[in-house]
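I opened this notebook to keep track of what I looked up in the structure, entry by entry.

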Amino acid sequence: MAHEAIHTDANDPQNVTNPEHAQHHIVTPLQYTYVFATLLFFTGVTVAAAYVDLKWANPVIALAIACFKAVIVILFFMHVAYQSRLIKMTIGAGFFLFLVLVTMTMTDYISRSWGLW
Amino acid sequence: MDSTLATPHPHETVLHAEHEHVVLPQHRHHFETEEQQREAGSFGMWLFLLTEIMFFGGMFFAYLLYRNWYYPAFAVASNQLSVPLGAVNTAVLISSGFCMAIGVWAAEVRKRGVLVVMLILTTFFGLIFLGVKADEYHEKYELHHIPGSSFSTSMFVNPAAYGIKEEPLSPDMAQKTQIFFFLYFAMTGMHALHMIIGIVLLFWLTWRAHRGDFSAGYVAPIENFGLYWHFVDIVWLFLFPLLYLINRHPLH
């Protein structure tokens, strides 16, 4: 373990020793419990919100809560908050690509059945 | 010019004599460090999960499109799903994910007993989820709401006869409820298939964890399986509001 200290940005500016220099981080059970409680709380909120008539806002709120829950699962249960920039960038690029594909396909459908929307 | 191939590799020449080749599963010989191996493993797992996002994403897109095209059919059909069962299943699946997360922690801090218990609890909650899902599928079977030749639109054409407070649909719009149920079964079915695969893997991981494979510093299989399990969790976090919740108020 003596050479562990060199695997940091500060001591290895050229990225020679360990190109990934991922600092290993263990998320504690207490943090997991906070995330768990938050997820359960927002599940309750989203069910309650579905029974209130908010017109166009109903699906928006439901999806916003789903996205929020997904983000905290990804950041903490899946440890992305503590991963290297390489992995963060890759995941971000993946989600961005998904949005691009949805937008382009939707653009095609909308423009083909003009007036049906 | 010396090529890199001809240059003696320092690991093989200089270090070999003093470097006892201890084979650790968390540090195989083609990785420089344990962190590098862990990073490569996580990276690969995430690439796989991104392909899974595209796979489920296609179905989510189909849902988005047809929900816009056949909104009345989707609203009425969606209201036939049980929100309490869906909400309970959401809580059950979140609990399963929580146990999995604690399991990853237990493997990191090398607590074999806690890890085994958490993997068993993860499996247990996963099986409860599938049981509730099976009950919901069975109800749809009895109501003839499974798309195909035995599909019945009568509940949507004449809701009053079934005591359902919905506007009746025209026969051709009522046929479009089949598209909702097709997507419902396709999406929740693929989600359930992922869970079944996960539970099979959990049995194998529990057995290996019990043997002590993951409580001596080798965490990667538990960690990467955890990523898969949480991904399946996230799919449901979107399926639940989209299929069960967002059409609750079509009548106002």
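**Salt bridges.** I began with B:D213 and B:R211, whose side chains meet in a salt bridge at 2.6 Å, N to O, the term standing for a side-chain nitrogen of Lys or Arg within 4 Å of a carboxyl oxygen of Asp or Glu. B:R211 is partly exposed, because its relative accessible area is 48%, and I note the classes here: buried is under 20% relative accessible area, exposed is over 50%, and partly exposed lies in between, with a 1.4 Å probe and protein chains only. I also noted a network, in which salt bridges that share partners join B:R38, B:E108 and B:E223.

**Ground rules.** Before going further I wrote down that this is a predicted model, in which local features need pLDDT of at least 70 and side-chain atom pairs count only at pLDDT 80 or more, while totals for chains, interfaces and linings use all residues. Residues are numbered from 1 along each chain as its sequence is written, chains are lettered from A and ligands numbered from 1 in the order in which they are written, and side-chain values use heavy atoms, with hydrogens and water left out.

Over all chains the rule gives a count of seven salt bridges. In one of them the side chains of B:K133 and B:E136 meet at 3.1 Å, N to O. The two are separated by about one helical turn, because they stand three residues apart in helix α5 (residues 112–142) of chain B; for helices I used DSSP runs of H or I with at least four residues, and for strands runs of E with at least two, numbered from the N terminus. Both B:K133 and B:E136 are buried. I then looked up B:K140 and B:E139, whose side chains form a salt bridge at 3.0 Å, N to O. Here B:K140 counts as buried because its relative accessibility is 1%, whereas B:E139, with a relative accessible area of 35%, is partly exposed.

**The contact between the chains.** How many residues does each chain bring to the contact? I found 47 residues from chain B and 52 residues from chain A, with contact meaning heavy atoms within 4.5 Å. The size of an interface is often given as the accessible area lost when the parts come together. For chain B and chain A the buried area is about 4600 Å², 79% of it on carbon and sulfur atoms; this is the accessible area (1.4 Å probe) that two parts lose on being put together, summed over both. On the side of chain B that touches chain A, α2 (34–69), α4 (83–108) and α9 (220–245) of chain B each supply at least two residues. The most comes from α2(B), with 18 residues. By class I recorded 30 nonpolar, 11 polar and six charged residues on that side of chain B, where Ala, Val, Leu, Ile, Met, Phe, Trp, Tyr, Cys and Pro count as nonpolar, Asp, Glu, Lys and Arg as charged, and the others, Gly among them, as polar.

**B:W46.** I picked B:W46, which is found in helix α2 of chain B, and which counts as buried because its relative accessibility is 3%. Leaving out residues up to four places away in sequence, I listed its contacts as A:I74, A:M78, A:V80, A:I87, A:I91 and B:L227. The C-alpha atoms of B:W46 and B:F231 are separated by 9.9 Å, although the two residues lie 185 residues apart along the chain.

**B:T123.** In helix α5 of chain B I looked up B:T123, which is buried, with a relative accessible area of 6%. Not counting residues up to four places away in sequence, B:T123 touches B:I199, B:L202 and B:F203.

**Positive phi.** Most residues other than glycine have a negative phi. A:H79, not a glycine, has a positive phi of about 60 degrees; A:H79 lies in the loop between α2 (57–77) and α3 of chain A, and counts as buried at 8% relative accessibility. B:R110, also not a glycine, has a positive phi of about 60 degrees and is found in the loop between α4 and α5 of chain B.

**Confidence in chain A.** Chain A averages a pLDDT of 84, with 78% of the residues scoring at least 70; pLDDT is the predictor's confidence in each residue, from 0 to 100. Over residues 1–7 of chain A the pLDDT is below 50, and this stretch has 10 contacts in the model beyond near neighbours in sequence. Where pLDDT is low, the predicted coordinates should not be read in detail.
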